[in-house]
Amino acid sequence: MDVSHLIDPDRGLIRGEIFHSQAIYEQELEQIFARSWIFLAHDKMLPQPGDFIQNYIGEDPVLVVRQPDGSVRAFLNQCRHRGMRICRADRGNARNFMCSFHGWNYGLDGDVINIPHGEAIYDAVERAEFRATPVRLANYKGFIFGTWDAAAPAFEDYLGDFAWYFDAYIDRYEGGLEVVGMHKWVLPANWKFNAEQPASDMYHGEVSHASAFQVMVPPPKDAHSPPPDWAMRQLGQLSNPSGFQFASPYGHGNGWFAGGMPTMNETIYRWQEATAAQVAARLGPERVLSAGHANIFPNFMMLSNYTFRVTHPRGPNEMEIWAWSMAPVAAPAEVKEAIRLDLLRTFSPAGMFEQDDAVNWEEEQRILRGHMARKAPLIYKQMLGRARYDADGLPGRTVPHVYAEEGARGMYRHYMDMMSGAPWPDLTRRKQQREDAERRALAAQGQPPAKPDAAAA
Ligand code: FES
Ligand SMILES: [Fe+2]
């Protein structure tokens, strides 16, 4: 199906049909999830040989396994005999995997190593034909991504300029991150409503999360005292919406407040303050602030409070969210515990921010049952036409406001590219041509003005 009549990134218009249609959903599984790099695991989830976790590429279950030689492999968790799930556990440690239907046995690398009565009933067991379908993997600073598509660009090329921003979330401290908590839940809304938000939408925070921010301010000492100074300063950062948004040609987006993202957790706040100079020296003054919230297309999100999550697609009207809390290995034990509790309070199924967001997404989805609601174009025009390249010390394409929809327009432009079914080499060439043309035009005209009123003057 051609979706180009539903998405117009140049004018910032998107029709709700893309969040509702079963046919579009099936096409997403084929053209987007089966061809993109999808987050599968972190090195620290698989410390020992034989450690495995189960994850998904779209709706396809994938088993990610630490090998005896220390490498990691992944394969479709589907028995080649009748398609039963080879391993039914979410995670664990194994020497091999036995399908519980007829007993085929698979090694840690996905090769078939034993078939009950095999020699009596098969003329030959061709290892290549009988082995579980392998996933192509890449490891970026401990984060393991996989794709089915041999023609997809190398993962670092796929990240492109976003790698610089990704490091602001995952590489603030020597030693990287480790998992301290995890939650899974299901929401009756399309996966893209979640994905576009960290890619783009900081705008909803001051309205959707207003009451959550207020109740999260630590209480004053007594009825006559104001709330603590540090907490009011943190809250104050939200009332100054200066900031930036980044949009990648591969659909990734990032957004942040220029003054840094606030935290209402005193333990985390004190530790961040104590280590601020060290982190700034490691990342540089611009990048240290650039962790707000972000999405690696299509469905891997991260937040400045060390929340990392995937939204697995489960039909056009449902998503399954898996959220990990990952703390810096270098953090003291009480800070790691504070980070774990912070996810519980904010972006877990019981978290206050999560419940605010879920109400919006569920309601958007419910409304799209309506015929007119699916046809009406939704407006994604914030900071339209104001993108610059390599401005303000920031790599790639950015706009100079935290409330913007450049990230969403970039996400849906790439979405449209992928949904066209064009092969990857054509897509990468097209993206490069588009960017070269934009850079040439900006060089000829100068950078667009930062503010709309400056444009009108
Ligand atoms: S389906 Fe797995 S052994 Fe038959
Ligand atoms: Fe939110």
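Visitor: What makes a residue a donor residue here?

Guide: A donor is an N, O or S atom within 2.8 Å of the metal. In this predicted model, the iron ion (ligand 2) is coordinated by H204 (NE2), H209 (NE2), D357 (OD) and D357 (OD), at 2.1 to 2.5 Å. Those distances lie within the 2.8 Å cut-off, so these atoms count as donors. Along the sequence, the donor residues are spaced H-x4-H-x147-D.

Visitor: What does the pair H209 and D357 tie together?

Guide: H209 sits in the loop between helix 7 (205-208) and helix 8 (210-216), while D357 belongs to helix 13 (residues 352-367), so the pair links parts that are 148 residues apart in sequence. H209 and D357 are both buried.

Visitor: Why is the site of the iron ion (ligand 2) called irregular?

Guide: The angles among its four donor atoms are 55 to 143°.

Visitor: What makes strand 3 and strand 11 edge strands?

Guide: They belong to an open sheet of three strands in the order 3-12-11, with antiparallel pairing. Strand 3 (38-42) and strand 11 (136-140) each have a single partner strand, so one side of each lacks a neighbour in the sheet.

Conventions: Residues are numbered from 1 along each chain as its sequence is written. Chains are lettered from A and ligands numbered from 1 in the order in which they are written. This is a predicted model: local features need pLDDT of at least 70, side-chain atom pairs count only at pLDDT 80 or more; totals for chains, interfaces and linings use all residues. Side-chain values use heavy atoms; hydrogens and water are left out. Donors are N, O and S atoms within 2.8 Å of the metal (3.2 Å for Na, K and Ca); water is not among the atoms, so sites may look incomplete. Four donors count as tetrahedral if all angles lie between 85 and 135 degrees; four count as square planar and six as octahedral if opposite donors are over 155 degrees apart and all others between 65 and 115; anything else is irregular. Helices (H or I, at least four residues) and strands (E, at least two) are DSSP runs, numbered from the N terminus. Buried means under 20% relative accessible area, exposed over 50%, partly exposed in between (1.4 Å probe, protein chains only). Two strands pair if DSSP finds at least two bridges between them.
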